Number of protein chains: 2
Amino acid sequence: MSSELRQDLVSGDWIIVSTNRKDRPRQFAKIFKKRKVSAKSGCPFEDPQKNGNPEPIFVYPKGAGKNDWKIQILGNKYPALSRPVNTCAPVFKNGPYTTTEALGYQDLAITRDHHKNFSDLPLIEATQVLKGFQERYNMILKDSCISYISIFQNWGPTAGASVYHPHYQSIAIPVVPLHIKISINGSDRFYKEHKKCVYCVMIEHEIKNKRRIIYENEEAVVFTPFFSESPFEVRVLPKKHFSYFEDTPEKALKGTAAALQYALKKVTKNLNDPDYNFFIHTAPIKNKEKHTHYHWHIEIRPKFFNIAGFELGTNLEINEVDPDKAAKILRK
Amino acid sequence: MSSELRQDLVSGDWIIVSTNRKDRPRQFAKIFKKRKVSAKSGCPFEDPQKNGNPEPIFVYPKGAGKNDWKIQILGNKYPALSRPVNTCAPVFKNGPYTTTEALGYQDLAITRDHHKNFSDLPLIEATQVLKGFQERYNMILKDSCISYISIFQNWGPTAGASVYHPHYQSIAIPVVPLHIKISINGSDRFYKEHKKCVYCVMIEHEIKNKRRIIYENEEAVVFTPFFSESPFEVRVLPKKHFSYFEDTPEKALKGTAAALQYALKKVTKNLNDPDYNFFIHTAPIKNKEKHTHYHWHIEIRPKFFNIAGFELGTNLEINEVDPDKAAKILRK
């Protein structure tokens with residue numbers, strides 16, 4: 001068939017995979033122009049504190065000083081959210097509308113080397129970036145006002161990065177976004193119906209099917225999802241069923257970091273060094289016992305273009321790159 | 001307060017309105033650079049059929065020929081969807097996934113003048129653009145396989161327009177997008193709880209409150225929504241409660257076209273001629289009797305930037321422009 005409507009096993013939403021223009025996958029792989037590398041000299045993250053960034057919350061290696069840190073976890077200099085002050089913000093009415101003060105935590109992980117993005121780091125440091133967010137996550141979840149924590153990287157200006165020097169972010173907020181609720185509810189519904197985790201079912205199918213697999217190791221697997229909302233979307237999942245990013249044991253975290261490094265290396269090499277975002281989807285903080293059906297994972301989205309009117313109006317994405325073709329190009 | 005979490009009365013989702021950086025609204029208003037106007041000579045829409053576009057489905061004025069048409073409604077030359085052939089596509093399984101052939105209609109409205117965008121048209125022609133889509137909508141809904149029709153404009157390359165010459169689009173699909181279902185369900189829930197239409201409540205509040213109002217006439221109102229997902233978002237609503245775009249009487253349609261023209265003129269003038277999308281949100285085609293609580297409307301989204309990792313991962317938008325400030329700038 002020429003174009004397909006595909007339904008997400010989790011949310012129930014649809015996408016259109018349009019393969020009418022056979023040359024599109026290869027065209028996409030060539031869209032990106034040479035990256036503009038910012039000079040080290042004016043970089044605000046070479047010496048973060050000298051440039052007005054807050055003191056680190058902690059560093060790796062633990063106890064390292066001004067000169068020998070490898071990773072800093074610190075507050076964002078320009079937060080969109082205010083820091084909580086131990087009491088939750090009251091919800092109030094403004095006319096018919098509901099509103100509350102945006103209290104939350106907005107943090108950064110900065111890696112030391114100006115030129116080493118995630119996939120260029122030694123595996124031990126790549127793992128420590130994830131471990132650093134785990135540690136920070138476990139600090140934040142003691143604040144009972146926080147309901148969800150999102151961890152992500154913006155790489156390149158079109159993906160929202162205002163600073164070139166590689167860095168990673170987390171935003172902790174007092175509400176669960178609707179988008180996350182929908183995924184959690186979908187995962188719950190699937191589990192109740194099939195007595196199986198929906199992500200475990202996908203992993204098993206993809207490994208057996210092989211066509212969309214890009215990489216696997218003992219702990220993690222990388223594939224282009226059948227339900228890919230954008231061209232060359234890539235998913236990285238721990239193979240074992242972990243619901244909570246923050247509780248994942250070090251061995252699985254290291255395997256997942258290795259898989260994420262491999263995936264990003266392939267994206268960079270085979271798509272001509274595109275800007276991209278990656279983000280973690282994990283279960284909400286509260287009512288943990290209710291979310292054991294969920295399976296945390298990482299999504300990578302190379303940034304090709306702005307979304308247009310149809311996608312804005314419907315949130316239904318038209319993807320011109322068949323995930324099978326994407327996997328073939330990415331595996332090279 | 002510095003930053004606010006605001007909840008959508010319809011969907012229940014949240015946004016963050018971050019006003020920590022006081023200079024941002026005025027900065028946004030200056031982001032856009034001079035628009036690149038494509039020459040008339042190579043334009044594929046000056047003589048659409050000579051350039052390989054399909055024959056018009058109909059034209060305005062009715063019965064006009066090759067030389068005196070003002071508006072053409074015609075099929076898209078490069079559709080992402082295939083045309084239905086009177087039978088609905090069967091749904092089938094691909095491993096654990098659900099998929100179906102993407103059958104649907106993808107149409108264009110092309111206005112005659114190369115340089116006249118929506119707000120520059122004589123009111124009668126602006127109204128005819130909406131009327132043309134109404135007429136086309138009413139043709140398509142006879143196809144019982146179609147469930148939802150989205151009508152929109154992409155203006156400028158960053159908003160997804162590949163051709164400069166002003167044109168408008170509709171995409172008719174055999175499923176209701178989840179995003180639309182959520183709005184419909186939210187509108188239904190509000191109606192059941194309050195015995196009032198949620199959009200009528202907002203219109204009444206905004207007109208009384210005045211601060212976010214940009215324009216009103218007898219038939220329609222324009223304001224920046226309290227729940228604005230992106231900077232300088234603008235909403236245009238018929239004042240009377242019409243659930244279905246396609247059933248709106250000509251007088252209300254004309255008033256809404258005038259309001260949309262006014263809104264787009266202000267966006268163009270006060271935001272330095274930005275690219276933008278506008279789209280119609282209307283009730284789904286099927287089970288009409290169930291959606292009388294809904295109130296169709298138009299949303300305008302000036303296109304400032306790509307969304308980043310947090311927004312991609314959570315669909316929760318951080319808007320740096322307070323809608324009250326946006327209205328103040330747009331009213332000028």
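Modeller: For residue classes, Ala, Val, Leu, Ile, Met, Phe, Trp, Tyr, Cys and Pro count as nonpolar, Asp, Glu, Lys and Arg as charged, and the others, Gly among them, as polar. Note that this is a predicted model.

Colleague: How do the residues lining the second largest pocket divide by class?

Modeller: The second largest pocket has a volume of about 540 Å³. Its lining consists of 27 residues, and R35(A), G156(A), P157(A), T158(A) and D275(A) lie nearest the centre. By class, the lining residues are twelve nonpolar, eight polar and seven charged.

Colleague: By what turn can chain B be laid on chain A, and which C-alpha of chain B is nearest the axis?

Modeller: The superposition has an RMSD of 0.0 Å, with a turn of 180° and a shift of 0.0 Å along the axis. That is the relation of a two-fold axis. In chain B, the C-alpha nearest the axis, 2.8 Å from it, belongs to N306(B).

Colleague: Which three residues supply 12% of the area that chain B buries against chain A?

Modeller: Chain B and chain A each bring 69 residues to the contact. Between them they bury about 6000 Å², with 65% of it on carbon and sulfur atoms. The 12% from chain B, more than any other three residues give, comes from L5(B), Y97(B) and N306(B).

Colleague: How many salt bridges does the rule find across the interface of chain B and chain A?

Modeller: There are 20 residue pairs in polar contact between chain B and chain A, both residues being at pLDDT 80 or more. The side of chain B that touches chain A has 35 nonpolar, 25 polar and nine charged residues. For salt bridges across this interface, the count is zero.

Definitions and conventions
Residues numbered from 1 in each chain as written. Chains lettered and ligands numbered in written order. Predicted model: local features only at pLDDT ≥ 70, side-chain atom pairs only at ≥ 80, totals over all residues. Heavy atoms only, no water. Least-squares fit on C-alpha atoms with pLDDT ≥ 70 in both. 1 Å grid on protein atoms, 1.4 Å probe; cavity = no way out; pocket = protein on both sides within 12 Å on 5 of 7 lines; lining within 4 Å. Points joined across faces, edges and corners; volume = space filled by probe spheres on them. Contact = heavy atoms within 4.5 Å. Buried area = accessible area lost by both parts, 1.4 Å probe. Salt bridge = Lys/Arg side-chain N within 4 Å of Asp/Glu carboxyl O. Polar contact = N/O pair within 3.5 Å; in protein donor to acceptor, adjacent residues only side chain to side chain.
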